[in-house]
Every structure is written in C-alpha cells, then in structure tokens.
Amino acid sequence: MKIIEPSLIHDWDKEPCGKEVTVSTKLYKDAKDFYESVDESLHDDTVMYEVYSVSSQSEPGKLNWGLTVMHPVKVNGECNMTRGHFHENMDCEEYYWCSKGTGLLMLMDEEGKCWCEKMYEGSLHHIRSDWAHRLINTGDTYLKVVACWPADAGHDYARIEHSGFTYRVYCEGKDIIVKERRTNE
Ligand SMILES: O=P(O)(O)OC[C@H]1O[C@](O)(CO)[C@@H](O)[C@@H]1O
C-alpha cells in the first residue's frame, strides 16, 4: 500500500493551495451596483473579494471547495458583500464555515423573506437548497469563509437582480445598522 501526499492543502490561516485551485477577484468597478450609492473615494480597482475554488468538475455527485476572502471595505458606510445568488439547481445545499473575521450571512427564501446569521471564527452555516445567500463583512479585518457545495449547483444571479435581498447592512463606528431597502431601487 502506498501512502501519498494530499493533492490539496488548506491551512486555515491561508488559502487552499494545489494545482487545481483557481482564484477570481471581484473589483469595486464590477460590484458598484450591489450598493445603495457610488462611493467616489473608492478606486475602481479596489479589491472587494477573492474566491479561491477547487471547482473543475460539474457533474452531479461531485463536490466543490472554496474560500471567499472579503476585504474590510465600506461603500459609503455600507458593508462589503458578495453579489449573492440562489443555486440554479434548487436541489443543491451548501455549507459555509467562517475561519476568520466577523460578518453576517444574509439568507432569503423564495417568498423574499430575508434574515441573517452571525458569522465569527468557527461558526458553521447550513444553507438550504432554496435559500439565496450573500456574505457581508461587518468587521475591520478580513472575513474568510470556507464553502463546500455540489458541483452542479450553479449560480442564479438573475433572480437576485430581479427581486434582490430586501435589507442593506451598514457600519457606523462599532454599530451594525440594518435598513430595509427602498422600494424604488
Ligand atoms: O458569486 P457570488 O454571489 O459573488 O459569491 C461568491 C460565493 O459563491 C461561492 O463560490 C459558492 O456559493 C462561495 O464560495 C462564495 O462565497
């Protein structure tokens, strides 16, 4: 019997590494329309978040692994967040595990009911297959979240654009302020 080295390593203080790992970076210029208003003080190339993934397969039964690193950026006081999505394949659940930082996991059901789970080091989040999900960094450090999801889940962004998350999250000093979105947005 052979004992071999793993093909992937994920040191919790760092990102996953191995030759199957890919990284995508979301810049402010590509995230402007997530926010209530444009922040002229932010450069277009400001890094908002990076997603490291092991996701080369897409067949049912396979699993993906990823790490999302949310930078501690505020957009006119609004906390940095991912675009957010439902899964295209509504049979697919997901797990999120927070490895660093503090934030909120915003969830929304198909009726548009929205709520958040607190995220902090060690918090573990089971995302039901019919819940839209978005990460929000409410802290002043990086928020790092590990995810494991079925390879055939897909991302449905159109439903979020059409009828998005109904709340926005801001930071004022140490306070987290949640506001209902204006209906004309
Ligand atoms: O595609 P979005 O909504 O910007 O979010 C990226 C997120 O999607 C995932 O790739 C998979 O759900 C997560 O790892 C990551 O947090």
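Modeller: First the rule. A salt bridge here is a side-chain nitrogen of Lys or Arg within 4 Å of a carboxyl oxygen of Asp or Glu. Keep in mind that this is a predicted model.

Biologist: Fine. How many salt bridges by that rule?

Modeller: Eight salt bridges. One of them joins Lys29 and Asp45, with the closest N and O atoms 3.0 Å apart.

Biologist: Which parts does the Lys29 and Asp45 pair tie together?

Modeller: Lys29 and Asp45 both lie in the loop between β3 (22-27) and β4, so the pair ties together parts 16 residues apart in sequence.

Biologist: And why would such side chains pair at all?

Modeller: Opposite charges can pair when the charged atoms come close.

Biologist: New topic, the ligand. Which residues come nearest?

Modeller: Tyr49, Thr68, Gly84, His85 and Tyr157, out of 15 residues around the ligand.

Biologist: Which polar side-chain atoms lie by a ligand oxygen, and at what distance?

Modeller: Tyr157 has a polar side-chain atom 2.5 Å from an oxygen atom of the ligand. For His85, a side-chain N or O atom is 2.8 Å from a ligand oxygen. Tyr96 places a polar side-chain atom 3.4 Å from an oxygen of the ligand.

Biologist: How much of the ligand does the protein bury?

Modeller: The protein buries 94% of the 390 Å² that the ligand exposes when taken alone.

Biologist: Which strands supply the shell?

Modeller: β4 (47-54), β8 (94-100), β12 (132-137) and β13 (143-150) each give at least two residues to the shell around the ligand.

Biologist: And the shell by class?

Modeller: Seven nonpolar, six polar and two charged residues.

Biologist: Now cavities. How many of 30 Å³ or more?

Modeller: One cavity of 30 Å³ or more. The largest cavity holds about 30 Å³ of space.

Biologist: Which residues line the largest cavity?

Modeller: The lining is Glu78, Cys79, Met81, Met106, Arg134, Ile136, Tyr167, Arg168 and Val169. By class, that lining divides into six nonpolar, no polar and three charged residues.

Biologist: Which strands supply that lining?

Modeller: β7 (78-81), β12 and β14 (167-172) each supply at least two of the lining residues. β12 also supplies at least two residues of the shell around the ligand.

Methods:
Residues are numbered from 1 along each chain as its sequence is written. This is a predicted model: local features need pLDDT of at least 70, side-chain atom pairs count only at pLDDT 80 or more; totals for chains, interfaces and linings use all residues. Side-chain values use heavy atoms; hydrogens and water are left out. A residue is near a molecule or strand if one of its heavy atoms lies within 4 Å of it. A polar contact is a pair of N or O atoms within 3.5 Å; within protein, one must be able to donate a hydrogen and the other to accept it, and residues adjacent in sequence count only if both atoms are side-chain atoms. Accessible areas come from the Shrake-Rupley method with a 1.4 Å probe; for residues, only the protein chains shown count as cover. Helices (H or I, at least four residues) and strands (E, at least two) are DSSP runs, numbered from the N terminus. Ala, Val, Leu, Ile, Met, Phe, Trp, Tyr, Cys and Pro count as nonpolar, Asp, Glu, Lys and Arg as charged, and the others, Gly among them, as polar. On a 1 Å grid over the protein atoms alone, a cavity is a set of points where a 1.4 Å probe fits but cannot get out, and a pocket is an open set with protein on both sides within 12 Å along at least five of seven lines; lining residues have an atom within 4 Å of a point. Grid points are joined across faces, edges and corners, and a volume is the space filled by probe spheres set on the points.
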